[in-house]
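Student: I have a new structure to read. Please show me how to go about it, one feature at a time.

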Amino acid sequence: MIIETIIFFEGVIVAGIAIKNLRLERHVRQHNENNRKACKIAAEFAPKEIGDSIWHIVRCFEKKFPHVKFDVAVERAVLPLMMEKKKFEDMVINLVKNAAEAVNKDGKVVIKTQSNGDYLVFEVCDNGKGIAPSLLKKIFLPRYSGKKKQHKGLGLYSVKKDLEACGGRIEAKSETGITCFQAFVPQRKIQAVVIEDEPVLKQILTVILKKAGVSVVSFSRFEQIDYKKVDVLYLDVMLWGKSCLKEYADLRQKNPNLIIIFISGSDAHDGLKDILVRDNRAALLLKPYHESEPVDKLINLLAKN
C-alpha cells in the first residue's frame, strides 16, 4: 500500500511538471508571436535573406524607438543556417527589442554579424544601464526578468532554448556602459570542388570561396572525386583545350543534387545554353568576373534549391 501510494504521488508530480512545461512552451510561443506582429516577413528562408530579415526587423524598431540610434553592420551570409527561419527571426527580434528597451534617450544599439565558417555570430550591444554580474546567469532562466512587471521573462529563455536545440549557444557580457549578447548560430558546411586548368584563376577562386566559409578542394583535371560528398562544383568549360560539357550527364548521374557552376569566357559553347535553361542547379560564371560573383552565383542557386 505504501509503495502504491508513493508511485501514485510520483505520477502526480511527473504529470504536474509536464503540464507546467507545456504551459511554459505555450506562453513562449505567444510571447514570440506578439513580438512578430509588428513585422511581416517572408515565409521562406534562404542565405541571402538573412541580412534582409535583420534590416527589416531593425527598421520596425526604429519606428517604435525613435530615440534610439541603431548601428547595423551585417555581412553577407553564404552558408545556410541550421536554424529555422522563424526561430532565427524570433531571436533577432528578442535581442534587438531587449537592447532598445535597455537604453535611455540618445541610446545606441549596435548590431553586427560575421561568419567564421562554423557559426554565424549575431551580436547585439547597447549602452544602457547594464546587467550586474550576479544576474548574468539568471537572465536566461524562464520567468526571470530585470524589467518592469509586465515583462514575462520569456524572451532570452526562448532564444537560449532555440539556439541549443540546433547546436548553437548564446553568451552575454556586461561592463561599464556596454552590454553585449552574442548568438552563435550553426551553419551548414558546404564542400566545393574547383576544376580549373589555369593555376592563377584556380588559386584566386579558391581564396574567394574559402573567405566565404566554403570548404574547397582544387583540381586541374577530372580526378577520382566522390561527387556524392560534394555540394557544389566550379567547372571550367574548357580544360586543356577540350570541352567538359560531355561530362555533364555523368556528373548529374553521380549526384542529382550537385550544384554546377560552369566557368567560361563565352556562353556560346554547344549545349551550354540548353543545360542552363533546363537545370535549376546550374549557372554560368563568365570570365573575367568580379570577386563577389562566384559567391553570388552560389547564393542564388542555394536560394533556389
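Student: How is pLDDT read, and what is its mean for the protein chain?
Tutor: pLDDT is the predictor's confidence in each residue, from 0 to 100. The mean for this protein chain is 83, and 81% of its residues reach 70 or more. Contact means heavy atoms within 4.5 Å. Where pLDDT is low, the predicted coordinates should not be read in detail.

Student: What share of the 305 residues is buried?
Tutor: Buried means under 20% relative accessible area, exposed over 50%, and partly exposed in between, with a 1.4 Å probe and protein chains only. Buried residues make up 44% of the 305. For contacts with a separation of 6 or more, 67% join residues 24 or more positions apart.

Student: At what angle do helix α3 and helix α4 pack?
Tutor: Axes are lines fitted to C-alpha atoms, for helices over the stretch in contact, and angles run from 0 to 180 degrees between N-to-C directions. Helix α3 (residues 85–102) meets helix α4 (residues 155–165) at about 145°, with the axes 9 Å apart. Lys 87, Met 91, Asn 94, Leu 95 and Asn 98 of α3 make the contact with Gly 155, Leu 156, Val 159, Asp 162 and Leu 163 of α4.

Student: Is Asp 162 buried or exposed?
Tutor: Asp 162 is found in helix α4. Its relative accessibility is 9%, so Asp 162 counts as buried. Leaving out residues up to four places away in sequence, Asp 162 touches Met 83 and Lys 87.

Student: Which residues does Ile 259 contact, leaving aside neighbours within four places in sequence?
Tutor: Start with its place: Ile 259 lies in strand β11 (residues 259–264). Ile 259 counts as buried because its relative accessibility is 5%. Its contacts, apart from those neighbours, are Asp 231, Val 232, Leu 233, Arg 281, Leu 301 and Leu 302. Ala 283 is 24 residues from Ile 259 in sequence, and their C-alpha atoms are 8.3 Å apart.

Student: What is the phi of Asp 106?
Tutor: Most residues other than glycine have a negative phi, and most peptide bonds are trans. Asp 106 is not a glycine, yet its phi is positive, about 65°. Asp 106 sits in the loop between α3 and β2 (108–115). It counts as exposed because its relative accessibility is 63%. Trp 240 also has a positive phi, near 55°. Trp 240 is placed in the loop between β9 (238–239) and β10 (242–243).

Student: Is the peptide bond from Lys 287 to Pro 288 cis or trans?
Tutor: That bond is cis, with omega near -10°. Pro 288 is in the loop between β12 (282–286) and α8 (293–304).

Note on methods. Residues are numbered from 1 along each chain as its sequence is written. This is a predicted model: local features need pLDDT of at least 70, side-chain atom pairs count only at pLDDT 80 or more; totals for chains, interfaces and linings use all residues. Side-chain values use heavy atoms; hydrogens and water are left out. Helices (H or I, at least four residues) and strands (E, at least two) are DSSP runs, numbered from the N terminus.
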